[in-house]
Amino acid sequence: MTDRPALIVTGVGAHADPWHGLAATSTALAGVLAERMPVRHLDTDEIANGATLTDAALIVMNISGDLATEASAASAVLDPLLDAVAAGIPLLAVHSSSLAFRDDPRWAELLGGRWVPGVTMHPQIGWSLVQPTAPLAPFRVYDERYSHLEIGADSALRAIHTDDGITHALAWSRPGADGRGGVAYSALGHGVEAYRSTGTRALIHALIDELLGTAHAPIETPGDVAASRYLEATALDYELVALAPRGSVIAATGFADRFDDDELLVSGYLLLERLPTGGAALHSHGREVGRLASIDGGLRVDLPGAEIDGRMLRAADTGIALVAESGDWRSDSAGSAILLGEDWRVVAVHGPAPVKLDNRVRLLDDMRAVPVTQREQHA
């Protein structure tokens, strides 16, 4: 433990991207860090404007860069970070931070590795086995598995995963000059659900202990989240989530590659958050895009930019469609609608690209048609 804070730096503007809800994951990561030390938050704009870094015990980077756009100048943010590490402050970077500052090789040199455009990738998000170094035990986590990261010669592996028979680095560390200002990186942490994993939390704690030079002492992590089911929900397939009124029975498909702790239900990059006040929030790639709430006689949906299209309430900009399987849509106001019917049923479908959204709606139709076809064949 230390009285000096861990400073979480969240990427904004040019140091963010469309695929990561960095504000949300920084909040989740802060909960992990708070088990070791106080936490303070800054964003990359604040650093560029001269915010102080030297009072931190540890700098934690949760940033990114949009590979689809031109790289922006890094020096306004990177120079103060390099100065802080040179002054002996250790640095921990997570997940998409390996995509950051790609116009400046000093970041990859500091980090001890990098994301290589056109080479590094990740399989479809889902459950995977992470194998950390001793004394940590292997663990399962619902997360992206960065693969083919480039790792420097002086970086020591701290966790790996295996995909298609090939071993890939997931976490590493490298020492600083004179034993001060060391750097560590963990590729885990795409969504908030990743930080609910006991294994991920233990890995972050171990990296912190290594950077601070303290003995690793496992901290008891939170147990299961108390159920708060105001809506019944289940994942039918990748980015297909069925919802119905509380107490209803939803026919599941046996789809297993999902995360569900009774508060968060995640399938692919679609996340349903069951709210303690009732209803639920929908998140796309870590950003809240809409809310659902049971009302007398139906379901109210607030989904900015959504329009009714037959049986669908579709928000093209956010890549979300709500397909009504029972009930009738009625427009309420701009971006809001009500699905009328005491026994309403709806499936949230996530794209986010229009063609992907259309394909998943067709997949849903095919899934629903299979039992009918089977009954007809056996009639």
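Here is a chat about a helix, some aromatic rings and the nonpolar cores of a predicted model.

Trainee: What should I know before I start?

Mentor: This is a predicted model, where local features need pLDDT of at least 70 and side-chain atom pairs count only at pLDDT 80 or more, while totals for chains, interfaces and linings use all residues. Residues are numbered from 1 along each chain as its sequence is written, and side-chain values use heavy atoms, with hydrogens and water left out.

Trainee: Let's take H1. How many residues does it have?

Mentor: Helix H1 has 12 residues, 22–33. Helices (H or I, at least four residues) and strands (E, at least two) are DSSP runs, numbered from the N terminus.

Trainee: Which residues of H1 are buried?

Mentor: Leu22, Thr25, Ser26, Leu29, Ala30, Val32 and Leu33 are buried in H1. They cover an arc of only 155° around the axis, which puts them on the same side of H1. That arc is taken from the directions from the helix axis to the C-beta atoms. Buried means under 20% relative accessible area, exposed over 50%, and partly exposed in between (1.4 Å probe, protein chains only).

Trainee: And which are exposed on the other side?

Mentor: Ala23 and Thr27 are exposed there.

Trainee: What covers the buried residues of H1?

Mentor: The cover includes strands E1 (6–10), E2 (39–43), E3 (58–62) and E4 (91–94), along with helix H5 (198–212).

Trainee: New topic: how many aromatic pairs are there?

Mentor: A search of the whole structure finds 6. Rings of Phe, Tyr and Trp (its six-membered ring) pair if their centres lie within 6.5 Å; planes under 30 degrees apart count as stacked, over 60 as edge-to-face and the rest as tilted. One of the pairs is tryptophan 115 with tyrosine 146, edge-to-face at 4.9 Å centre to centre and 75° between the planes. Those two residues are 31 residues apart in the chain, and both are buried.

Trainee: Last one: how many residues are in the largest nonpolar core?

Mentor: That core has 61 residues, and Ile59, Met61, Leu92, Phe101 and Trp107 have the most contacts inside it. A nonpolar core is a set of buried Ala, Val, Leu, Ile, Met, Phe, Trp, Tyr and Cys residues joined through side-chain atoms within 4.5 Å. Another core, of 36 residues, lies apart from it and has Phe255, Tyr269, Leu270 and Leu271 among its members.

Technical notes
The expected span of a helix is 1.5 Å times one less than its number of residues. Contact means heavy atoms within 4.5 Å.
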